[in-house]
Amino acid sequence: MPWRLKEAVPLALGQAGSRARLERALVLAYWKEAVGKELAQLTEAVALEDGVLTVLVGDAVLAHQLTYRRLDLLQRFSARFPGKVREIRFRVGPLEAPPPEESPQEEPLTPALLQKARALAEAAPPELREKAERAALALLKRQRGNPCPICQTPSEKSPCPTCRRHLQSPLVAKEAERLARGKPPRLSGEALLAARHLARERLLSELRGLYPVALKEPEFWPLLKDLARRFQALFPEEALPEGVQSLLKRIE
């Protein structure tokens, strides 16, 4: 089964701001080639965190069989992506049902579409940039769905299936609590994006809940300021809720 760059581009859309994220997407996409066509239909590489590749498997029997191929698979990843995968873990769970095949209606080529494809290709190594641009352009012309609110990958589900799995992770929930308290991150990649999303929702909820109280009771102003400081430190590009902004200007 030949490797095609365009199979990795959907995973990197909206996350192509760094070479590291694109490389992670390429590693996940390579699973199909490494394991073979038949097993690729029964498994799915869903995450790569700290060198550990997590693969979702439909049943426990297959997961047990794949453990015997683990060393061989690690050697294949090491040959293609040196130093990127040090361990493979198999997790039993339901696979995402493949979308029904249909004839896609291509979006007409526009300057904006071409510019976006070039921007995505900038994250690829120089020797792959031309191929990455063609693959990104082909995908953009037929992509469906709206951007995921967490990773910005086009998806017919919101959040996308990958981010939805991360949102259900206890590790991600714990990381979100740390971020909301102003602590430095411990996770990375898509898991960190999901944790930031949860932290944002938590801080906004606390700000909106405290605002009407602080409006009447000045003793709550320091707490409101602290919440606003943590929110702005985590999301400097995002404005505070309008009412909170107004009150903070009055009490400064």
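Which backbone oxygen does the side chain of Thr-43 reach at 2.7 Å? The side chain of Thr-43 reaches that of Leu-39. This is a predicted model, in which local features need pLDDT of at least 70 and side-chain atom pairs count only at pLDDT 80 or more, while totals for chains, interfaces and linings use all residues. Residues are numbered from 1 along each chain as its sequence is written, and side-chain values use heavy atoms, with hydrogens and water left out.

**Thr-43**
- Thr-43 lies in strand S1, residues 43-49 (strands are DSSP E runs of at least two residues, numbered from the N terminus).
- Thr-43 is buried at a relative accessible area of 5% (buried means under 20%, with a 1.4 Å probe and protein chains only).
- A polar contact of 2.9 Å joins the side chains of Thr-43 and Trp-31 (a pair of N or O atoms within 3.5 Å, one able to donate a hydrogen and the other to accept it; residues adjacent in sequence count only if both atoms are side-chain atoms).

**Glu-49**
- Strand S1 also contains Glu-49, whose side chain makes a polar contact with that of Ser-188 at 3.5 Å.
- Glu-49 is buried without a salt bridge, and the nearest side chain of opposite charge, Arg-24, is 5.0 Å away (a salt bridge needs a side-chain nitrogen of Lys or Arg within 4 Å of a carboxyl oxygen of Asp or Glu; Lys and Arg count as positive, Asp and Glu as negative, and His and the chain ends are not counted).

**Aromatic residues**
- Tyr-30, Trp-31, Phe-77, Phe-81 and Phe-90 form one aromatic cluster.
- Phe-231 and Phe-235 are both buried.

Technical notes. Buried means under 20% relative accessible area, exposed over 50%, partly exposed in between (1.4 Å probe, protein chains only). Rings of Phe, Tyr and Trp (its six-membered ring) pair if their centres lie within 6.5 Å; planes under 30 degrees apart count as stacked, over 60 as edge-to-face and the rest as tilted. Helices (H or I, at least four residues) and strands (E, at least two) are DSSP runs, numbered from the N terminus.
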